[in-house]
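Please read the following paragraphs with the sequence and the model open side by side.

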Amino acid sequence: MKTFNYHSTKDVKEATKLASSSSAFLAGGMTTIPSMKLGLASYKDIIDIKRIKKLSGIKVSGKSVTIGATTKHAEVANSKEIKKAIPSLAALAEGIGDPQVRNRGTIGGSIANNDPAADYPSACIALNATIHTSSRKISADKFFAGMFETALKKGELIQAVEFQVPEKSCYQKYPNPASRYAIVGVYVAKHKSGVNVGVTGAKSCVYNEKNIVSALSKSFSSSAIDNVKIPSSGMNSDIHASAEYRANMVKIFAKKAVDAC
Amino acid sequence: MASLVGSRVERKEDKKLLTGRGKYTADVTFAHQTYAYFVRSPHARAQIKNVDISKAAKASGVVAVLTGKDIVNDKIGGLIAGWRIKSEDGSDMKVPAHPPLASESVNYVGDHVAVVIAESLDEARNAAELVKVDYKVLKAVVKTDEAMKSDSIYKDIPKNLCFDWLLGDRAKVKEAFDGADKIIKVDLINNRLVPNAMEPRAANADYNPSTEEITLYTTSQNPHLARIIISAFNGVAPENKLRVIAPDVGGGFGSKIYPYAEEVVCSWASKKIERPVKWVGDRTESFLSDCHGRDHVTHAELAVKNDGTFLGFKNETIANLGAYASVFGTVTPTYLFGPCATGVYKMPAAYSNVKAVFTNTAPVDAYRGAGRPEATYTIEVLVEKAARELGMDPAEIRMKNFPTEFPFQQTLVHSVDSGDYNAGLKKAMEVADYKGYEKRRKDSEVNGKIRGIGFCTYFEACGIAPSAVVMSLGCGIGLWESAEVRFNPTGNVTVFTGSHSHGQGHDTTFAQIAADQLGVPLENIEISHGDTDKGPFGYGTYGSRSLTVGGTAIVKACDKIIAKGKKVAAKMLEVNESDVEFKDGEFIVAKSNQKKTIGEVAFACYLPGTYGEVKSPLPEGEEPGLKESSFFDPANFSFPAGSHICEVEIDPDTGTTEVAKYTAIDDFGTIINPLIVEGQVHGGLVQGIGQALYENCHYDDSGQLITASYMDYTMPRADNFPEFKLGFTCTPATSNPLGTKGCGEAGAIASPPAVMNAVMNALGTDISMPATAEKVWNACQKMKKSNSEAA
């Protein structure tokens, strides 16, 4: 690992002030630190935000669940309030990585990284999330910009993620047998305002699967998906799964999700 | 005293290993320590035009930067192929030079180009980025079955062919095939695997300029072999000036049998800079540069009669050796593979033809089972296919062809001393509830799943030795084993063994044997291994040999101890030696209550005289002390065998295959410690099922390793497995007094075909390993299509 300056701050303003083009915010460090150790990334300044109290915690109101950026996956998974309000969200957090990752990794870190196979981005899409940053609010459909790309600007810090409580929802994933990241993960949510189908793992970036959304909007049942055609163009293809296989799994896992809603 | 052999003694070594008190090579740090980082080739194949170390040499903390030119200048010898194989035409195998640091060309991604030695690892690693290597990149040869049609990697090795080896009789096979009712054919790929020992390889060499001695700590299954190779072939130091210590080692699976470039370079560099040099491989380096396993492309045929009788077998295999011929790289696809390829069956005629090829990939060498998994996979998939095509029950066709009389002269090489294959298969069918299978299959169907069942009946040749045989087949070393049993004056015992434990539990098993032989409590016996300065030369641990060969050496050394003890006891008891019997730790005078314990006798041996109340007369002509050694070279290999039955359940929607039920009935001869043996079987099964369903080492067309981390290389995990049903039958080996046969590799040998036969039974079609979800899903789609067409 290359040497760097380590800053630990208790304040959002100070954190954003320290940020530069060669800095990184450090929360759980579940991606940043391995990348640095492998020499894939190096930074002049590492700004540790774990001690900023207001970035951590869970708030549940009737309509929404708001999770602070440095809240750990294990806290989400074990939150009684979340289990009651959006059980599928707690279940998603329970399925991320392994116990070590869940006790270090954070929701803010996950969505800021926007790994194409990460779980949380699909929840953001399905649950009409609003991402609260140090300077603004961004809706999930505008936040995830591409592979490892988000709408975040330099020095902009995620403070919390606000999820809309749906009528029903479920997340189902087919994990990569090696990494256990999603080869395909499908988060189906039915809101009063409509249905969302957040799909992760399948393409270079999380997306709302409109073909399934329109089928489910007509009839919210797994059989409604039977005749939906999911094109394989634009799907990821690698040694673990071809584009065709992924396209089929999007459908299969959407059906599983609807059945389990 | 109750016998310890056969009892479930908990592992003595576990407390240390499970509480973090083990001592591994990476834990060893010397005063004045330096740290090495290797500059490795990023290309699969390239000429080295220039290596510029000027910037790196000046970087912070750098002590030395050494390159292939320094290796040449210092006349450091290359890494060796330990087993000479001759081609069918009588010509010798062709092997390329394998310098520890390359000076002319690099031949796989990860090949060693230079080493940077610095005051800290970070400084070494940062400086390594400053070593500028000018490469002329060449087209890589990657695929096993294309190697012979590709450019020659080495100019003296046409078609990249190391050898074209034949075992067996082509004419007899042709005759058998001509008389057959049916010929069953398979085309198989035995997928390349990465060994993935839990502890990555490491070395720490400490040269003492005043004594000119090197102490090398290393992750070795075989420290004595490392010493002799680094001395005699690499020429780093004379054998008496090189001490090799393999302390606790976290698994090997074959990949740590022999020294690699890193140990040679660290030892040589330490001598050069007169400071200790430490290298600890990271996981990426393990993936890139540990020797890989398997990687065969095979076409095999079985000639049968309509009643299921086997008439003949042929096996045409291309084996990938990787970029260089590694120490056991050439024997693994030949003598460890070919002889076992006819399986546990009477086979009137057979041959195995193996073409071993070089490619621009990491060297391939022995990996748990080494050759026997590939052989067993070939014959067992063929046999099951034969049963399908003949409409026979898979158990029935096997039993029809089992030998029933032992010793059984197997078709190609081995004389199998003992076995009862029918008993094993019958027991497996009972434990697996074969009768209830059809009901379970229907239950799965009701749940929308496809169930399949697969068999594997195997034998293997292990306990590797005997020296006379292996050397006549081209092995450059003997394969006997040594032991030294040393009574300490106060009556406890240290046993030195030439084998090495890196997870196998020798500290326990070997102590059980010595405790029974000597009548000394288990806790009074220490097993010492892994240090060439302690105990006699030995040949290490691999090929399921330690207990059968090394354990027997302990028994023989104990026999000598008892023989001497009898003489001393007779003198002490003032009777004739012929009147003394030894039992349960006591020398007893027949028909009397006179006796001496072995502890008293040991004490007498160390204090031979009279001192106050101590009166310890030694017989005339006897030397003081009580220490004996033995070198055991068995007359034959040992031949474990067994019957495994696997049931899988496939989800046709996703193609995921779950191992629903797994039964393994093995005959390992005498079992010393069932607890440890079961652990060995579990580990072997997991690795074998891993090969069948998950693991696959994948290089892209340019020779880049795509599966270079756990993000892409699928290691099997606990939640991939059901509870294994294990059982044992026992026909003791006749080639050693313990009657043991070896259990370390059987699980990895038997399980790939058992699992794949179950998958193919479910799908009704051939499918290659690993049976990944997508492959299985595609087969399910085809099955659906053909079913709907049929309807």
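In strand β30 of chain B, B:Thr729 is the bridge partner of B:Asp667. The model is a predicted one, in which local features need pLDDT of at least 70 and side-chain atom pairs count only at pLDDT 80 or more, while totals for chains, interfaces and linings use all residues. Residues are numbered from 1 along each chain as its sequence is written, and chains are lettered from A and ligands numbered from 1 in the order in which they are written.

Strand β29 (residues 657-667) of chain B pairs with β30(B) in the parallel sense, over five bridges. Here helices (H or I, at least four residues) and strands (E, at least two) are DSSP runs numbered from the N terminus, and two strands pair if DSSP finds at least two bridges between them. In general, the strands of a sheet pair through backbone hydrogen bonds, either parallel or antiparallel. The pairing belongs to an open sheet of four strands in chain B, ordered β18-β28-β29-β30, in which the pairing is mixed. Its edges are formed by β18 (450-459) and β30 (725-729) of chain B, each of which pairs on one side only. Neighbouring strands of this sheet are turned by 15° against each other on average, with direction ignored.

Two helices lie across this sheet. Helix α12 (residues 437-446) of chain B lies across β18 and β28 (641-650) of chain B and runs at about 140° to β18(B), whereas helix α18 (residues 746-763) of chain B lies across β18, β28 and β29 of chain B, at about 145° to β18(B). For such angles, axes are lines fitted to C-alpha atoms, for helices over the stretch in contact, and the values run from 0 to 180 degrees between N-to-C directions.

Chain B as a whole is divided into domain 1 (14-20 + 33-138 + 196-289), domain 2 (296-464 + 636-790) and domain 3 (480-632), with bounds that come from an automatic or database domain assignment. The centres of domain 2 and domain 3 of chain B, taken over C-alpha atoms, are separated by 41 Å. Their contact takes 19 residues from domain 2 of chain B and 16 residues from domain 3 of chain B, where two residues are in contact if their C-beta atoms, placed from the backbone, lie within 7 Å.

Between the chains, 11 residues of chain A are in contact with 13 residues of chain B. Helix α11 (residues 243-260) of chain A gives the largest share of the chain A side, three residues.

Which helices of chain B have axes that come within 10 Å and cross at roughly 90°? They are α15 (residues 546-573) and α16 (residues 598-606) of chain B, and α15(B) is therefore roughly perpendicular to α16(B) (angles under 35 degrees count as roughly parallel, over 145 as roughly antiparallel, 65 to 115 as roughly perpendicular and the rest as oblique). The contact is made by B:Gly565, B:Val568, B:Ala569 and B:Met572 of α15(B) together with B:Ile598, B:Val601, B:Ala604 and B:Cys605 of α16(B).

Leaving aside neighbours within four places in sequence, B:Gln517 is in contact with B:Val555 and B:Cys558. By contrast, B:Lys615, found in strand β26 (residues 614-615) of chain B, counts as exposed because it has 11 C-beta neighbours inside 10 Å.

Technical notes
A residue is buried if 20 or more other C-beta atoms lie within 10 Å of its own, exposed if 12 or fewer, and partly exposed in between; C-beta atoms are placed from the backbone.
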